[in-house]
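Here's a quick walk through a few local features worth a look on screen. Have the sequence and the model open side by side.

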Amino acid sequence: MKKNILIGLSTIVLIISCNNSSSEPTVNKPLTTNVPSADKTKKEGTPLSEFNTAGGTIEGRAVAQQQTGNKTYPLNERLYSSTWYQSEEDYDDGVLETEEVFVFFDQDSKKSKREYENGRLDETDYANLQHIENISTGDNTGNNDQNAVIVKVKEQGDDDYEYEGYYMTDDRKTLYIVEEDSQSSAKSKLTELINDVKGGRANNHKDKKYLLSIQAR
């Protein structure tokens, strides 16, 4: 049943409220619970309170984490309990229009996506993710060289599936998401995106850029 697949319901439900200066509803911005680890050998990330206290530089908790051999965790697993968003404002016939998209990963790294237009819920998707392939980001700093991944995405209640590529930047505050019909196309687009971002051409991919929700409005 759907109630069994709702992702982190207690933490991600968006409350619609009225703005004091407008009759248009606004979306109360949910904050991330976890800041994902950039270290491929550590599944555990950083609680938001610790991340903010350290000025956004702390990597992982200051607790010992048991490791077995050379086990690594793909990015999609490290994205657990994290919240990302993008927003856009534009004027249509003199009226300000706003669009917001929130992407949530639950404790099992399943994904929920909610789209809002002018503060009103327009669409909600729930999806299971299957790890397909790790993508090297070419970083030589410690174990921070696999912060990109290809996953197979199957939406709840839908027999079709697609492929998505995720790339998290080194500061762990930005996640790029590409959506394609095939694994090869997702890999090609994701590799191109990574090269562009690292080469100072991130503006070419603004529509794929999501920010980690670490601050309230």
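Asn118 is partly exposed because its relative accessible area is 22%, and partly exposed means between the cut-offs for buried (under 20%) and exposed (over 50%), with a 1.4 Å probe and protein chains only. This is a predicted model, where local features need pLDDT of at least 70 and side-chain atom pairs count only at pLDDT 80 or more, while totals for chains, interfaces and linings use all residues. Residues are numbered from 1 along each chain as its sequence is written, and side-chain values use heavy atoms, leaving out hydrogens and water.

Asn118 sits in the loop between strand E7 (111-117) and E8; strands here are DSSP runs of E, at least two residues, numbered from the N terminus. Its phi is positive, although Asn118 isn't a glycine. Arg172 also has a positive phi without being glycine.

Is Ser37 buried or exposed? Ser37 is buried, because its relative accessibility is 0%. You'll find Ser37 in the loop between strand E3 (34-35) and strand E4 (46-47). A polar atom of the Ser37 side chain lies 3.0 Å from the backbone nitrogen of Asp39, and one lies 3.3 Å from the backbone oxygen of Lys42.

Over in strand E8 is Asp122, which counts as partly exposed because its relative accessibility is 45%.

Note on methods
Helix = DSSP H or I, 4+ residues; strand = E, 2+ residues; numbered from the N terminus. Polar contact = N/O pair within 3.5 Å; in protein donor to acceptor, adjacent residues only side chain to side chain.
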